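This report goes through a single protein model, section by section. The sequence and structure come first.

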Amino acid sequence: MPPKRRGTKAAVVPTSHPAAGPAGDASAERRITRLRSRELGLEAAGAGDVASDDPGPVRKKRKVHPTVGGKSVRAAAAARADPPARPQPPDLPPYPKSGNSNDILNWAIEFRRICALPGPDIVIPCTVRREPEDTRTARDVASTADKSLILKAARSVVGISSSMPDGKILHCTGIVVDWNETRKLATIVTCSATVCYDGALVHPKPKLLVRLPNKATAKGQLLFFNAHYRIALLEALVDSPLEPANFGSSPKFGQQVFALARDKQSSLFARRGTVLWEEPPIFLKSRYLLSLSSEIALCGTGGPAIDEHGNVVGMTFSRLPNPDILSISILQTCIEMWRKCSRVACPFLGMDLRAFGVLDVSHQEEIQLEHGISDGFIVDMVCTDYIASSLGISNGDVIVSYNGHRDFTLHTVESF
């Protein structure tokens, strides 16, 4: 039975009363409110009012919302509601099938308008893109012969991405040096900056991602690295076949080369340059490196420098004002040494050398007239407690041969 409500009473009136409407069941009773009974003149003073079983109109309870930080949960939820969805970019228009020149012209205008819209959501199909991905690559590789050369060499060029401790992603380039068709295993050489900093590994198990020419990716595993020569060797299991690079001879001064690279979208970049007739600055420890006349792509460190036949002659490293090139002979020697001995031995001669061939012509003439020497290495500095010092070699001496060899470039003697 519902609880009784105070102050709410009703008179019980027989249904046979005229005011009660037509007669019905004698036992049936009709309950009317107090206000209604007064209007009908049925309520009497002092009459024994009977409490009604009708609870009356139920008052609507107010819903109380919990608060968060002084605001209701409903307001807080509205405050952190998701932002409105970004408008979808318009679809690229289909090419008109009518063949009408006006339709084609209108299609071209609309197509260029959509392609010019900002935002990375618009993906332009490569078959309809009119502008080059990289204008510098288009300019440096213009002839049909050069394009054929680059396309063939690019099959052994991959992109390398590595995660740094600070959360940044480093993008470099790698060279495929070996491919095992049975195991689907590729061996790749790249720059050691992808796995180490200041001569030490950035992580015991570096996270490496290999970006293949067909836009696919594969996880890379580090095999070894050498901070002195700034190289790292890794391997990766890939589904699509790769072609190992063709190795040529060491680069020569004045030789024209192409520096290749791949970015994080696996796009190919190329830069045309010349091996400079100069030696790296004296403050660099790696005096055996050569210099390139042109800059390389931002992701080009670790990429190949190829000659006019498409053969790899070195590995490029970004540096201002001129990038460095590590000779392919040194690179191959390091890989072979690691495969045989599981380590790389770096020679320290204890002296700095300057090649006669890179001196200015007036200096060369002076040495020829005074000493009768037309080629060799000029000893620029000798360190104490090294074999060179104990053999009596001193500053200003000229080395005219080493073990019968007369190839006087710093990268060839380093390789030897």
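Helices (H or I, at least four residues) and strands (E, at least two) are DSSP runs numbered from the N terminus. Strand β14 covers residues 231-237, and five of its seven residues are buried, so the strand is largely enclosed by the rest of the structure.

Two strands count as paired if DSSP finds at least two bridges between them. Strand β9 (residues 185-191) pairs with β14 in the antiparallel sense over seven bridges, and Leu-185 has Leu-237 of β14 as its bridge partner. Strand β13 (residues 217-226) also pairs with β14 in the antiparallel sense, over six bridges; here Phe-224 stands opposite Leu-233. β13 and β14 form a hairpin with four residues between them, and Arg-230 in the turn has a positive phi of about 60°.

## Basis and confidence

The model is predicted: local features need pLDDT of at least 70, side-chain atom pairs count only at pLDDT 80 or more, and totals for chains, interfaces and linings use all residues. Residues are numbered from 1 along each chain as its sequence is written, and side-chain values use heavy atoms, with hydrogens and water left out.

pLDDT is the predictor's confidence in each residue, from 0 to 100. The protein chain averages 80, and 74% of the residues score at least 70. Over residues 7-29 pLDDT stays under 50, and the model has 30 contacts (heavy atoms within 4.5 Å) beyond four places in sequence for them. Residues 45-52 also stay under 50, with eight such contacts.

## The six-stranded sheet

An open sheet of six strands has the order β16-β15-β18-β19-β20-β17, with antiparallel pairing. Its edge strands, β16 (268-274) and β17 (290-291), each pair on one side only. Strand β15 (residues 256-262) is joined to β18 (residues 304-306) by two bridges, one of which pairs Ala-259 with Ala-305.

Helix α5 (residues 144-153) packs on this sheet, touching β15, β16 and β18. Its direction makes about 50° with that of β15, where axes are lines fitted to C-alpha atoms, for helices over the stretch in contact, and angles run from 0 to 180 degrees between N-to-C directions. Helix α6 (residues 328-341) packs on the sheet as well, touching β19 (312-317) and β20 (324-327), at about 55° to β20.

## Helix α6

Residues buried in α6 include Ile-328, Leu-331, Cys-334 and Trp-338. Just after the helix, Ser-342 takes a positive phi of about 60°.

Methods
Buried means under 20% relative accessible area, exposed over 50%, partly exposed in between (1.4 Å probe, protein chains only).
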